[in-house]
Amino acid sequence: MEKYDAIIIGAGMSGMAAAIRLAMFDKKVIVLERHYELGGLNSFYKRGKRNLDVGLHALTNFAPKKTPGKPLTKLLKQLRLPYETFKINEQKGSQIVFPDHTLNFNNEIEFFISEIEKEFPDQVEGFRQLLHKIENYNETALDNEYLPAKEVVRHFITNESLLEMIFCPLLIYGSAWENDMDFSQFVIMFKSIFLEGFCRSEGGVRTIISSLKERMDAVGAELQMKTGVKEIISKDNHVVGVLTEKDEEIHAPLILSCTGFPETLKLTGLEEKLPRTGAMSFTETILFLKEKPVDLGQDSSIIFYNNRPHYQYQKSESYYDHESAVLCFSNNFNTDDYDEGIARVTFIANYDQWKKLERKEYVAKKKDVLQDSIAILKNHLPKWDGQFEFKDVFSPTTITRYTSRFGGAVYGSPDKTRDGRTPIDGLVIMGTDQGFLGIIGSILSGISMANYHGLQS
Amino acid sequence: MDTAEVRQKVLDIIADVALDDDLSDLDDSVALREQLDLDSMDFLDIVMELKKRHKIEVPQEDYPQLASMQSCVDYLTPKFNQ
């Protein structure tokens, strides 16, 4: 039987990052990935000759080269990757579109403030004070208390419409809670989206995944694909190793898992008191268009759209909710490396409803998603005739099939473990359920959990 | 090993840890943290690299000795020659 210093469950962003850190300092590490592709929640696939990305629409946390102390520069340094590795391009600009107000924003916070000034002039002072609080808050302290963010933000923002518009992108790009988020999480998301901002890797998520993979190979981290973990073995409340789905036993005194908090604990045989399964899941429609969005009258990178008087970020009652959506035009970043136009439309969905569908109903329901996506897109692509070259739609059950997340919950459980610890010694959670989100957040999570549990002790 | 060689060994490590920093104008008497983008996580990397490459252990209470290039060289030269 093989013995390692550490076993990593899942070759998601955090799993690959943790493997690099541990192997860099001569730890014997193996990564076990159930799927045949790397990346986990942020991955890619091919249909026909087209490359498709799944997961977050954009990278957050843009930082120019040599900006000290920012998440992006920090993670590149910790992984010893030159700044140029991720081939980062900034967004052109994004929008929050609500029934009575539209706010534009880009990676310069003063521009966002000027937009707030136009739409909500009496809120600017409060917004500046909120900004001051956010800039001075240590959101990554492992011992922060959980605080509902809306309660805190209401001290500064007294207009509910503006409050909902500020929360909308932050919630839908990373909250496992419905309608609110933990204040530390809010600060992380606010900084990553409004202060640092959106960007995209030329070549999409593949560029990031392949550079992490190359680094893993260079430092000697082992990787086994198509190897799911069936059981986490422990003795006297300390991890011993894993049993794979191929019935192979692998031992290590440290197991770092990026397959989710409830999902990981379930593997230990624990049946009771599992962390809750997240409620938030989504459908996504990806359309390839003959023309570029900019030629069809749209130059925004991402549009956060809501058609209700009050924004609802909660599990939808029906299969999906087309009263709100996120639209992403991947061409609209500083470098456009696509031959075709691309539009992605995300709806909040209901996993339980999708799970019940028979094959035929499922296919029909995906057609409905497509039609509703096209209808919303037409409103935002004024010169588009509704024709497309290629489409794909995925649902909450697709997410579970490829990522092993319970309930198709892309933002994981509402119960996070900030220091990564679990009831079993040596078993550590990283990634989404450690509380850092998005691609940049997950990579940082893997780094910090590897440092904290694998290198410092 | 003389001090110039020790300085080079330390510089090699810093060059790898702070990949995007320019080290050509480094002032040996000024704290590294003030000249380069290095935080506590990066200093830990320097300590781990010293152990990995040169089998030199730096106990936690001695971390302040690594503040500037000059103090690194002063502190590490005897250790390189042990």
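Buried means under 20% relative accessible area, exposed over 50%, and partly exposed in between (1.4 Å probe, protein chains only). This is a predicted model: local features need pLDDT of at least 70, side-chain atom pairs count only at pLDDT 80 or more, and totals for chains, interfaces and linings use all residues. Residues are numbered from 1 along each chain as its sequence is written, chains are lettered from A and ligands numbered from 1 in the order in which they are written, and side-chain values use heavy atoms, with hydrogens and water left out.

**Exercise 1. Decide whether A:Asn61 and A:Lys226 are buried or exposed.**

Step 1. Take A:Asn61. Its relative accessible area is 7%, so A:Asn61 is buried. A:Asn61 is in the loop between β5 (50-54) and α2 (71-79) of chain A. Helices (H or I, at least four residues) and strands (E, at least two) are DSSP runs, numbered from the N terminus.

Step 2. Take A:Lys226. Its relative accessible area is 56%, so A:Lys226 is exposed. This residue is in the loop between β10 (222-224) and β11 (229-235) of chain A.

Step 3. Check phi. Most residues other than glycine have a negative phi. Phi of A:Asn61 is near 60 degrees, a positive value. Phi of A:Lys226 is near 50 degrees, also positive.

**Exercise 2. Classify the ring pair A:Phe112 and A:Phe194.**

Step 1. Apply the rule. Rings of Phe, Tyr and Trp (its six-membered ring) pair if their centres lie within 6.5 Å; planes under 30 degrees apart count as stacked, over 60 as edge-to-face and the rest as tilted. The count comes to 21 aromatic pairs over all chains.

Step 2. The centres are 4.6 Å apart and the planes are at 15 degrees, so A:Phe112 and A:Phe194 are stacked.

Step 3. A:Phe112 is in helix α3 (residues 109-119) of chain A and A:Phe194 in helix α7 (residues 183-196) of chain A, 82 residues apart. Both are buried.

Step 4. Widen the view. Ring pairs link a cluster that includes A:Phe112, A:Tyr173, A:Phe194 and A:Phe304.

**Exercise 3. Find what A:Met189 touches.**

Step 1. Locate A:Met189. This residue is in helix α7 of chain A. With a relative accessible area of 4%, A:Met189 is buried.

Step 2. List contacts (heavy atoms within 4.5 Å). Leaving aside neighbours within four places in sequence, A:Met189 is in contact with A:Leu170, A:Tyr173, A:Gly174, A:Met181, A:Phe194 and A:Leu437.
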